[in-house]
Structure formats: structure tokens, C-alpha cells
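I opened my notebook today to look around a protein model. Here is what I looked up, entry by entry.

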Amino acid sequence: MKFLELNKKRHATKHFNDKAVDPKDVRTAIEIATLAPSAHNSQPWKFVVVREKNQELSEIAFGGNKNQIKEAPVTIALFADTDLAQRARKIARIAGVKNMSDELLQYYMQNLPAEYSHFTEQQKSDYLALNAGLVAMNLVLALTDQGIASNIILGFDKSKANQVLEIDERFRPELLITVGYSDEKLEPSYRLPVDEIIEKR
């Protein structure tokens, strides 16, 4: 599917039918999503695929998001790894000498952790949010490419997400993505003319 066509097919879908979503299709979409760029190639992502705990997860959502999560056959909770030094070292350990030069291994094992140690809390928060946004967009496009509808949700109590999903507090909840099939015929949202958002200097 051409990129323009793919983007035109993607819509925020808030109502889903009863058709089940194949776990293999979700895994494929996540695998494609992780091809997204990330700062320093840090890939600070954790995906939690929620099926059995959708009801519990819906209870910490705000407003209409509650029903949307209940209705969706799958919700993907996206977390960011707040221990960036450990994440860098994990990449080096898993990649190993077969996939990385000695210089790159040194970069992930020592140079990056040293750089991260100087981040303020605000810098780290911005860094994680940026990377989460990049991979989330890739994920919904990968789902769209498979004919699967989705919606990104920010409205939920992040202070309770780790407890509900039994995820280590090291990982920061970023957003939820409801996933499923829909019978709705959605119209594209209004977009500003491109000349309204471009300035030249």
C-alpha cells in the first residue's frame, strides 16, 4: 500500500465489532512498529498486549475511553523504559559482537549511559515522550496496513497502570492503543491547508 493511501485509511476508531484479532497480526504490527526511529537508537519501548485485563484497564480510563477499552478486543499499553542506561546496555548485550563493532558496543555500554546520567528529569521525560510518539504512529499505521482499526488514548490514570497490568515501576506508561475491527464508515478529519503551516525564511 502506498504511504499516502495508508495515511488516508488511518482513522481514530472508537467503536469495534466482535471480530477477534489474531495475536499473530498484533505481533507483526508491533514488530513493524519497532522499525521506527528512536533517539540514539535507544528503542526505549515496552508493549503490553491486553486481552484478559481489558475490563480492569478500562476502570482507570477517563470518560468515554472506558467503554472504548471494554469494547476493543485488544488494547496495547505502551510503556517507556526510564532506566535508559540499562536499556542501552541491554541493546549491546543482545546484539553482541555478531551485530555490532567494538566501537558500537562501547557506545552502548559506556558512552550512552554516561550521557544519560547528565539528563535532567525534564530532558528524560521529553526524550521518552518523543520516542513513544514515534513508535506509536508506526504501530497504528502497521495495524492499518493489515486492515485493523485502532485509536490512541492518552486519557487514563497513569499512576495506576503499572499496578493494574503488573508492570515494573521502572517502565513509565505513555499511552493506550485500542485495537480491533469496525463496521463504521469513518470520514477523514479536517486538515489545515499545508500553506497555513509552512513558513519560509
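Entry 1: The C-alpha atoms of Lys 46 and Phe 79 are separated by 5.0 Å, although the two are 33 residues apart along the chain. I noted that Lys 46 lies in strand β1 and is partly exposed, with a relative accessible area of 30%. For that word I used these cut-offs: buried is under 20% relative accessible area, exposed is over 50%, and partly exposed is in between, with a 1.4 Å probe and protein chains only.

**Entry 2: ground rules.** I reminded myself that this is a predicted model, where local features need pLDDT of at least 70, side-chain atom pairs count only at pLDDT 80 or more, and totals for chains, interfaces and linings use all residues. Residues are numbered from 1 along each chain as its sequence is written, and side-chain values use heavy atoms, with hydrogens and water left out.

**Entry 3: the whole chain.** I listed eight helices and four strands; helices (H or I, at least four residues) and strands (E, at least two) are DSSP runs, numbered from the N terminus. Their order from the N terminus is α-α-β-α-α-β-α-α-α-β-α-β. Of the 201 residues, 41% count as buried. The C-alpha atoms fill a box of roughly 50 × 50 × 35 Å along the principal axes.

**Entry 4: helix α5.** Next I followed α5 (84–99), which bends by about 40 degrees at Arg 93. The bend is the angle between axes fitted to the seven residues ending at a residue and the seven starting there. Which residues of α5 are buried? I wrote down Leu 84, Ala 85, Arg 87, Ala 88, Ile 91, Ala 92, Ala 95 and Gly 96. An α-helix has 3.6 residues a turn, so residues three or four places apart point the same way. The buried residues of α5 pack against β1, β2 (74–81), α6 (102–116), α7 (121–145) and β4 (171–180).

**Entry 5: the second largest pocket.** A pocket here is an open set of points on a 1 Å grid over the protein atoms alone, where a 1.4 Å probe fits, with protein on both sides within 12 Å along at least five of seven lines; lining residues have an atom within 4 Å of a point. About 240 Å³ of space lies in the second largest pocket, a volume being the space filled by probe spheres set on the points, which are joined across faces, edges and corners. Its lining includes Gln 43, Lys 46, Arg 87 and Ile 91.

Entry 6: Most residues other than glycine have a negative phi. I found that phi of His 40 is near 60 degrees, a positive value, and that Gln 43 has a positive phi of about 45 degrees. His 40 lies in the loop between α2 (23–33) and β1, and Gln 43 lies in the loop between α2 and β1 too. Buried or exposed, or in between? His 40 is partly exposed at 25% relative accessible area, and Gln 43 counts as partly exposed at 26%.

Key. Contact means heavy atoms within 4.5 Å.
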